[in-house]
Amino acid sequence: MTLLAWIIWTTVALVLVGVYLSWTAGRLDRLHARIDAARAALDAQLLRRASIAQEIATAGVFDPAASMLLYQSAHDARSAPEEQREVAESELSQALRAVLGDTEQVAAVRGVPGGEESAAELAEAVRRVPMARRFHNDAVRAARALRRHRKVRWLRLAGHAPFPLAFEMDDEPPKALVDRANGDDRVTGRGPGH
């Protein structure tokens with residue numbers, strides 16, 4: 001092979017490696033953007049859940065101790081610093097299960113003026129939080145897997161972006177609230193319009 005052929009093949013190889021590394025860096029950047037968007041959606045759902053919980057806590061439906069527990073847990077979840085957020089959100093989930101743990105308590109909420117809408121909104125919020133958390137954690141998992149590759153670490157393709165962390169919390173909803181929100185369709189076996 002001539003010197004010119006070696007130069008051409010070396011140039012082609014370097015261009016291909018450069019294109020591959022550029023594509024990998026772009027993919028990593030898109031994953032980080034996806035994490036940011038998923039985290040914003042999760043934060044919105046968590047804020048919505050805490051706001052509705054505070055509204056229900058101040059409706060005068062529960063005894064003072066239950067109202068205070070729910071209100072304080074929701075307040076703490078809304079105002080917690082980032083490093084304590086997972087714990088505060090888990091405590092709100094536990095307070096929701098404690099206060100809205102049986103069908104009588106959910107029925108009491110639904111019985112006050114505007115309670116039907118508030119209970120439906122809360123049921124929707126507690127159903128959406130686990131979905132939003134799953135989307136966020138899936139994006140984190142994908143970014144972490146890519147960032148663990150040697151080429152990404154050695155060539156610092158992630159730049160100065162912090163290593164993504166999953167959001168771990170207790171997000172189990174109050175069973176009575178979610179079951180009631182689903183209606184009696186499961187009990188009767190009939191869907192809407194039957």
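Q: In which helix is Val 106 found?
A: In this predicted model, where local features need pLDDT of at least 70, side-chain atom pairs count only at pLDDT 80 or more, and totals for chains, interfaces and linings use all residues, Val 106 is found in helix α4, residues 103-111; helices are DSSP runs of H or I with at least four residues, numbered from the N terminus. Residues are numbered from 1 along each chain as its sequence is written, and side-chain values use heavy atoms, with hydrogens and water left out.

Q: Why is Val 106 called buried?
A: Buried means under 20% relative accessible area, exposed over 50%, and partly exposed in between, with a 1.4 Å probe and protein chains only; Val 106 has a relative accessible area of 2%, and is therefore buried.

Q: Why is Leu 4 called exposed?
A: Leu 4, which has its place in helix α1 (residues 3-57), has a relative accessible area of 58%, so it counts as exposed.

Q: What makes the lining of the largest pocket, and how does it divide into nonpolar, polar and charged residues?
A: The largest pocket is lined by 14 residues, among them Arg 39, His 136 and Phe 163, and a pocket is an open set of points on a 1 Å grid over the protein atoms alone, where a 1.4 Å probe fits, with protein on both sides within 12 Å along at least five of seven lines, while lining residues have an atom within 4 Å of a point. The lining divides into seven nonpolar, two polar and five charged residues, and its largest share, four residues, comes from α1.

How values were computed: Helices (H or I, at least four residues) and strands (E, at least two) are DSSP runs, numbered from the N terminus. Ala, Val, Leu, Ile, Met, Phe, Trp, Tyr, Cys and Pro count as nonpolar, Asp, Glu, Lys and Arg as charged, and the others, Gly among them, as polar.
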